[in-house]
Amino acid sequence: AKSQLKASVRGPFAMPKFFFGHVIKKSSAKTVKVQVNQMVYVRMLRKKVKRKTKLLTHDPEDKCNIGDFVKIKHCGRNVSKLKAHELVRIVQAQEQ
């Protein structure tokens, strides 16, 4: 039973992991850099610490602008050498 559970959690049909973050840079055509902030508990310090990660994201319609709050997901297969995430939707657009 345990091996079946592991196979269903991992593998090609696993649920995609979603992230929320802000667009900090438009790198090139159909590519944006998204900064994701996370709170991580550090046992040694016994407190929560802020961590930030910058992810290159595929934007197929090229509609993101700097400052947009977006939802992204990890794609199963990398789009390029460094791009492993794709845009799901723009949650809140930056007002100009």
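User: How many of the residues of the protein, in percent, count as buried?

Analyst: Of the 96 residues, 24% count as buried, where buried means under 20% relative accessible area, exposed over 50% and partly exposed in between, with a 1.4 Å probe and protein chains only. This is a predicted model, in which local features need pLDDT of at least 70 and side-chain atom pairs count only at pLDDT 80 or more, while totals for chains, interfaces and linings use all residues. Residues are numbered from 1 along each chain as its sequence is written, and side-chain values use heavy atoms, leaving out hydrogens and water.

The protein has one helix and five strands, taken as DSSP runs numbered from the N terminus (helices H or I, at least four residues; strands E, at least two). Along the sequence the pattern reads α-β-β-β-β-β.

Now the part you asked about. Two strands pair if DSSP finds at least two bridges between them. Strand S5 (residues 85-92) runs parallel to strand S3 (residues 47-58), and two bridges join them. S5 is also joined to strand S4 (residues 69-74), by six bridges, and this pair is antiparallel. Glu-86 in S5 takes part on both sides: His-58 stands opposite Glu-86, and Glu-86 is the bridge partner of Lys-73.

Cys-64 counts as buried because its relative accessibility is 0%; Cys-75 counts as buried because its value is 8%. The count of disulfides, pairs of cysteine sulfur atoms within 2.5 Å, comes to zero.
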